[in-house]
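Have a look at the structure first.

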Amino acid sequence: MALRRELACVEGDPNQIDSFVACLVAVLHAWDRPESYDWVAGLAGVAFSPVLDHGEDCTAWWMESGSESRIGFLGCALGFTVDRVMREAQWDDDARAAFAATGLLPAPHEQHFARLRAAYDRGDAVVLRTWPSWSVLTGWGDDLDSLRFATVPGFADLVKTIWGPARAQLAYLLNPIDPCKPLEQSITSALRYGAKIARGRGPEESLEYGAALYTAAAARMHEAEFCPSCGADADSCAHRTLMRMLGTQRSAVGFLEYARELVGDDLPWHAAVATFEAMAEITGVYCDWQEFHTSWADAGFRAGLGRDFHTLAELQLQAADALTELSAACDRQLAP
């Protein structure tokens with residue numbers, strides 16, 4: 001089934017959603033296989049713990065890595081093949097100059113773009129690791145720096161300026177198939193994985209999960225600047241960090257509620273749902289940007305925010321306990 005690219009619209013609040021998951025949701029909709037964002041986020045695992053990337057200098061982007069680590073499982077659970085395309089060489093000014101002078105792409109780039117073009121022509125879904133958000137390729141042309149793409153709302157110009165489709169060194173080529181896992185097994189696997197990362201046991205050594213982001217954010221409240229890279233504008237970085245936390249918490253509730261509808265009420269859903277709801281209630285207080293911006297300079301406001309970050313860290317560990325109990329109950333229910 002060729003991707004209906006005119007329907008590949010990436011939706012959601014860019015400060016709350018995970019862009020990789022949002023791109024997958026857009027692809028599924030373009031295949032006439034609509035799934036909710038919360039459902040895909042739960043299967044991907046990103047609903048159960050925010051991620052912390054210490055390698056990112058700007059704290060506004062601490063939370064933008066690792067979401068593709070379950071792509072193979074997602075293909076089985078949701079029904080699509082996965083072909084990973086990686087290019088080591090960077091598309092830079094030297095590569096552009098060589099292409100402009102000769103009309104020929106340097107070898108690593110020629111192979112890479114030829115593969116992407118072939119996939120595009122076949123009607124594959126091409127999901128690209130652009131920055132700061134993932135993208136879906138929606139058009140091709142001779143100007144490689146102007147390839148058309150869809151990304152989260154409001155980020156297209158930023159992506160094109162910083163790291164657009166031509167510069168993306170990682171891509172996934174996807175095609176729809178029938179799911180290869182029964183629904184109950186997919187839910188159980190998602191809960192088991194969610195319990196692990198909720199406690200901080202992620203698959204990548206360079207990234208931290210569980211309470212790490214909450215603890216790191218709390219520590220920054222005692223420093224002169226929440227984001228040294230942005231200085232005086234650091235309140236926007238802090239607010240985006242909070243909104244990504246909130247998006248994660250709300251997605252956990254959405255996934256668990258829907259899974260309960262599918263599997264039934266006989267499992268211990270309540271503790272996990274209630275804990276993530278409690279977390280979202282705390283974080284949701286800070287939603288309003290203008291109010292947050294006005295209050296940021298107040299030492300008492302920031303002290304209270306720091307305490308809330310510590311409370312969220314404690315609740316995250318409680319959520320991990322609840323997910324561990326829930327996944328174990330699912331395992332027992334599926335046991336022959």
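## Ground rules

This is a predicted model, so local features need pLDDT of at least 70 and side-chain atom pairs count only at pLDDT 80 or more, while totals for chains, interfaces and linings use all residues. Residues are numbered from 1 along each chain as its sequence is written, and side-chain values use heavy atoms, with hydrogens and water left out.

## The whole chain

The protein chain has twelve helices and seven strands (DSSP runs, H or I of at least four residues for helices, E of at least two for strands, numbered from the N terminus). Of its 336 residues, 54% are buried, meaning under 20% relative accessible area with a 1.4 Å probe, protein chains only; exposed is over 50%, and partly exposed lies in between.

## Strand E3

E3 covers residues 125-128: Ala125 and Val127 point one way, Val126 and Leu128 the other, and all are buried.

E3 pairs antiparallel with E6 (residues 170-176) over four bridges; pairing takes at least two DSSP bridges. Valine 126 sits opposite leucine 173 in E6. On E4, valine 136 is the bridge partner of valine 127, and six residues separate E3 and E4 in their hairpin.

## Tyrosine 258

Tyrosine 258 lies in helix H9 (residues 234-263). It counts as partly exposed because its relative accessibility is 34%.
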